[in-house]
Amino acid sequence: MAKIKLRYVDEYIDRTGKLRRYFRKGGKRIGPLTGEPGSEEFMAAYAAYLAEKPAAAKVTQHADSLGKLIIDFYGSRFYTDLKPSSRQLYKYALEPIAKAHGHRSASTMPTEAAEKIINQIGAEKPGMANLTRAVLRRLFQFAIKTKRRKDNPMVGIDPFKVGEHHTWTDAELKQFEDKWRLGTRQRLAYALLLYTSQRVGDVAKMSRADVADGLIHVVQQKTGADLWVPIHPELQRAMKAYPAKGLTLVGDANGRPLKRPALSALMRSAIRSAGLSSRCVSHGLRKASMRRLAEADSTTNQIASVSGHKTLKEVERYTKAANQKKMARQAMDKLPNRNGKTA
């Protein structure tokens, strides 16, 4: 088999005997290249580095800068051993930090300065602040391991309180369906989210090749769970009503694949057009699906087999809520009505 040769690819065997590859240009190591050369994962990273360097590499860095620490972190096992989806999440948090604060000293940054950075983010985006806090804590663990610091300035910084995603009610589900009828792309996206119980990113990846024997095959990005989800009749109707375009089950107007942000944007627009509250978000459909499964007497394990949860704590909460409603109805049914009879 011919060996693929690409410019700017630097490879070597590390001290553990593992082959590692990096994108190096202008005498600088830009970032890691994971997967085999020619694979989708490898070529996507290679193309991204060719198109544009990470923000951390754009700022002139000195040896002790936070930006240099981030670049070195990208080349470390702290980062390269992460799953591809986790690496994307880390970069999502680190790139804005590198751009805004890459010039700062990594070795002398006090907790007060680190907390100020997190608080600035949290003033508008508490969820993003919590993600950045967790990622920076990991970054400074790397700094300690490489002898750049003796302490972790992120220790002791409290997370922001973030509310849970709202679980759509049946009335809200009906309101959306009344606005977006079968045959629309919005209804298909909604049905895929509601009737597969999957996260937005996993729904965006679903392709026609994943459908077999009345099931949709899903390998969850977040957990790695390998699932086969039965296609509910309502989902089947939505899939049949929307004209087949492209390889993915739901793409853009021309059938081209959508990434998670684009699918989220499609749903946000559709939700607004349906006149629903801003509390109704795409992830709430996953929660609504689990709620309805619980109310239909599905067991905790049965719900987890659809949702892909590895721990049952979250699933048990929905089951408990559904059982409470059922038992409350049973209790009220025992009360006599005005005619002296049970309800």
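Serine 197 is buried, with a relative accessible area of 1%, where buried denotes under 20% relative accessible area, exposed over 50% and partly exposed the range in between (1.4 Å probe, protein chains only). In this predicted model, local features need pLDDT of at least 70 and side-chain atom pairs count only at pLDDT 80 or more, whereas totals for chains, interfaces and linings use all residues. Residues are numbered from 1 along each chain as its sequence is written, and side-chain values use heavy atoms, with hydrogens and water left out. Serine 197 is placed in the loop between H9 and H10; helices (H or I, at least four residues) and strands (E, at least two) are DSSP runs, numbered from the N terminus. Its phi is near 65°, a positive value in a residue other than glycine. Most residues other than glycine have a negative phi. Aspartate 297 likewise is not a glycine and has a positive phi, of about 70°. This aspartate 297 belongs to the loop between H13 and helix H14 (300-307) and, at 49% relative accessibility, counts as partly exposed.

The secondary structure of the protein comprises 15 helices and six strands. Along the principal axes, the C-alpha atoms fill a box of roughly 85 × 50 × 40 Å. Of the 343 residues, 42% count as buried. Contacts are defined by heavy atoms within 4.5 Å. Among contacts between residues at least 6 apart in sequence, 58% join residues at least 24 apart. The side chains include 63 positive and 32 negative ones, and the centres of the two sets lie 2 Å apart. For this count Lys and Arg are positive and Asp and Glu negative, with His and the chain ends not counted; the charge is placed at NZ of Lys, CZ of Arg, CG of Asp or CD of Glu.

The largest nonpolar core contains 40 residues, of which Trp168, Phe176, Leu192 and Leu263 touch the most other members. Such a core is a set of buried Ala, Val, Leu, Ile, Met, Phe, Trp, Tyr and Cys residues joined through side-chain atoms within 4.5 Å. At least two residues of this core are supplied by each of H8, helix H9 (185-196), helix H10 (200-205), E5, E6, helix H11 (233-241), helix H12 (260-273) and helix H13 (282-295). The largest share, eight residues, comes from H9. Apart from this core lies another, of 29 residues, among them Leu66, Leu94, Ala114 and Ile118. Beyond residues up to four places away in sequence, leucine 263 touches Ala189, Val200, Val203, Ala204, Val250 and Leu258. Serine 264, found in helix H12, is buried at 13% relative accessibility. With the same exclusion of residues up to four places away, serine 264 touches Val200 and Ser282.

Lysine 179 is located in helix H8 (residues 170-179) and is partly exposed, with a relative accessible area of 42%. Neighbours within four places in sequence aside, lysine 179 is in contact with Ser273 and Ala274. Lysine 179 and serine 273 are 94 residues apart in sequence, yet their C-alpha atoms are 7.8 Å apart in space.

An open sheet of three strands has the order E4-E5-E6 with antiparallel pairing, two strands being paired if DSSP finds at least two bridges between them. Strand E4 (211-212) and strand E6 (226-230) are the edge strands, each pairing on one side only. Strand E5 (residues 215-219) pairs with E6 over five bridges in the antiparallel sense. Valine 218 has leucine 227 in E6 as its bridge partner, and isoleucine 216 stands opposite valine 229. The hairpin of E5 and E6 has six residues between the strands, and glycine 224 takes a positive phi near 80°. In a regular strand the side chains alternate between the two faces of the sheet.

E2 and E3 form a hairpin with two residues between them, and glycine 26 in the turn has a positive phi of about 65°.
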